[in-house]
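Please look over the sequence and the structure shown here before reading the briefing, and keep both in view as you go through the points.

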Amino acid sequence: MEAEHKYLVNVGSVGQPRDGNPMASFCIYDTQMQFIELRRVVYNVQEAQRKIFEAGLPRALGTRLELGE
């Protein structure tokens, strides 16, 4: 990475994935080393789905969580 440049990093999200991986994604940026590490972690997809369905939101939003699409 070069200090005079600006960078945009899309690390994904928790929920509503689009890359086929239902895990939550995030990154760690080390400012001293100027290093970005992308990480994935498991979260309770079924609980998130239950809350989506109970809230009356479109079923597709809940279904998408487990499919990662």
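Predicted model: local features only at pLDDT ≥ 70, side-chain atom pairs only at ≥ 80, totals over all residues.

The notes that follow are grouped by topic.

**Salt bridges**

- The structure holds 4 salt bridges, and R50 takes part in one with E47, where the N to O distance is 2.4 Å, as well as in one with E54, where the closest N and O atoms are 2.8 Å apart.
- Because R50 and E47 are 3 residues apart in helix 1, about one helical turn separates them; likewise, R50 and E54 are 4 residues apart in helix 1, so about one helical turn lies between them.
- Together, E47, R50 and E54 are linked in a network of salt bridges.
- Another salt bridge joins the side chains of R39 and E37, with an N to O distance of 3.1 Å; R39 counts as partly exposed at 36% relative accessibility, and E37 counts as partly exposed at 31%.

**The largest pocket**

- The largest pocket has a volume of about 200 Å³, and of the 15 residues that line it, those closest to its centre are V11, G12, D19, S25 and R40.
- Strand 1 and strand 2 each supply at least two residues of the lining, and the largest share, 3 residues, comes from strand 2.
- Sorted by class, the lining of this pocket has 5 nonpolar, 6 polar and 4 charged residues.

**A nonpolar surface patch**

- Y7, V9 and L38 make a nonpolar surface patch of about 290 Å².
- L38, one of these residues, lies in strand 2, and L38 counts as exposed because its relative accessibility is 57%, which is over the 50% cut-off for that term.

**Two loop residues**

- Q34 is found in the loop between strand 1 (24-30) and strand 2 (35-41), where its phi is near 50°, a positive value in a residue other than glycine.
- Q34 is partly exposed, with a relative accessible area of 32%.
- G56 has its place in the loop between helix 1 (45-54) and helix 2 (59-67), and at 62% relative accessibility G56 counts as exposed.
- G56 and G20 are 36 residues apart in sequence, and their C-alpha atoms are 24 Å apart in space.

Conventions: Residues numbered from 1 in each chain as written. Heavy atoms only, no water. Buried < 20%, exposed > 50% of the residue type's maximum accessible area, 1.4 Å probe, protein only. 1 Å grid on protein atoms, 1.4 Å probe; cavity = no way out; pocket = protein on both sides within 12 Å on 5 of 7 lines; lining within 4 Å. Points joined across faces, edges and corners; volume = space filled by probe spheres on them. Nonpolar A, V, L, I, M, F, W, Y, C, P; charged D, E, K, R; others polar. Patch = residues over 30% accessible without salt bridge, like charges linked within 9 Å, V, L, I, M, F, W, Y side chains within 5 Å. Areas by Shrake-Rupley, 256 points an atom, 1.4 Å probe, with all protein chains shown as cover.
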